[in-house]
Amino acid sequence: VYCMLWYLRRVREAVVSTQSTGKSAPSKLSVTDFLVKACSNALLDVPEVNSQWTDTAIRQYTNADISVAVATDNGLITPIVFGANTKGLKQINSAMSELKEKASAGKLQPHEFQGGTFTISNLGMMGIQEFTAVINPPQSAILAVGAPQRKLVPADNENGFDVSNVMSVTLSCDHRVIDGAVGAKWLQALKGYLEKPINLLL
């Protein structure tokens with residue numbers, strides 16, 4: 001699905017402009033921080049996606065523990081933002097900064113990257129526009145995020161169109177747990193949060 005980022009960029013710029021500067025200042029909010037929060041909210045809206053297949057039952061989780069794929073010199077690793085649904089954007093940003101630093105230094109503990117209920121793989125910073133990610137077992141879904149592209153989109157103005165940054169996101173699902181209709185419902189929820197990001201601040 002394609003998500004327009006015009007409002008998200010405006011909200012991000014507004015939040016970043018209020019952050020302090022200096023060595024002790026927190027890292028600036030990234031699009032990934034918004035993605036983690038948006039995914040966690042969508043998982044609460046469509047809890048069937050926040051589930052795992054076991055030999056005896058389908059286990060559904062109440063908290064959204066979001067794994068985020070991070071590339072290191074020793075390969076890919078997926079540190080986890082635990083309880084992302086209970087955290088604000090600044091808390092997610094702080095957690096992500098700490099986890100990335102540990103991952104780069106090879107200091108992540110097993111409990112910090114083993115588990116999770118959902119994964120985000122973002123290759124946008126490498127210029128990849130669209131791709132399909134492989135599910136991280138025993139999770140049942142993973143979101144592939146591409147690089148934003150400038151595209152013409154319909155608009156309610158005299159031209160009838162506008163130029164907006166549009167981002168492709170692709171959901172891979174384990175169909176033993178998540179069928180196509182449920183996956184589509186979750187993507188609609190995610191798109192809603194990304195295109196109306198003010199809801200992520202509430």
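**Charges, helices and strands**

Mentor: Let's start with a pair of charged side chains: glutamate 195 forms a salt bridge with lysine 191, with the closest N and O atoms 2.8 Å apart. A salt bridge here is a side-chain nitrogen of Lys or Arg within 4 Å of a carboxyl oxygen of Asp or Glu.

Trainee: What should I know about the model itself and the numbering?

Mentor: Residues are numbered from 1 along each chain as its sequence is written, and side-chain values use heavy atoms, with hydrogens and water left out. This is a predicted model, so to speak of local features we need pLDDT of at least 70 and side-chain atom pairs count only at pLDDT 80 or more, while totals for chains, interfaces and linings use all residues.

Trainee: Back to that pair. Where do glutamate 195 and lysine 191 lie?

Mentor: Both lie in helix H4 (residues 180–195), 4 residues apart, which is about one turn of the helix. Helices (H or I, at least four residues) and strands (E, at least two) are DSSP runs, numbered from the N terminus.

Trainee: Is glutamate 195 buried or exposed?

Mentor: Glutamate 195 is buried, because its relative accessible area is 18%, whereas lysine 191 is partly exposed at 26%. Buried means under 20% relative accessible area, exposed over 50%, and partly exposed in between (1.4 Å probe, protein chains only).

Trainee: How many salt bridges are there?

Mentor: The count comes to 4 salt bridges. One of them joins glutamate 112 and lysine 102, at 2.8 Å from N to O. That pair links distant parts of the chain, 10 residues apart: lysine 102 is in helix H3 (89–105) and glutamate 112 is in the loop between H3 and E8.

Trainee: Which residues are linked in a network of salt bridges?

Mentor: Glu98, Lys102 and Glu112 are. Within that trio, glutamate 112 counts as buried at 11% relative accessibility, and lysine 102 counts as partly exposed at 25%.

Trainee: New topic: how many helices and strands does the chain have?

Mentor: The chain has 4 helices and 11 strands. Its radius of gyration is 17 Å, close to the 17 Å that the globule rule gives for 202 residues, so the chain is as compact as a globular protein of that length. The radius is taken over C-alpha atoms, and the rule is 2.2 Å times the number of residues to the power 0.38.

Trainee: And how much of the chain is buried?

Mentor: Buried residues make up 46% of the 202 residues. In helix H2, 12 of the 15 residues are buried, among them Phe34, Leu35 and Val36.

Trainee: What about strand E9?

Mentor: E9 (141–145) has 5 of its 5 residues buried. Ala141, Leu143 and Val145 point one way, and Ile142 and Ala144 point the other way.

Trainee: Which strands pair with E9?

Mentor: E8 pairs with E9 in the parallel sense over 4 bridges, and threonine 119 stands opposite isoleucine 142. E11 runs antiparallel to E9, joined to E9 by 5 bridges, with valine 145 opposite valine 169. Two strands pair if DSSP finds at least two bridges between them.
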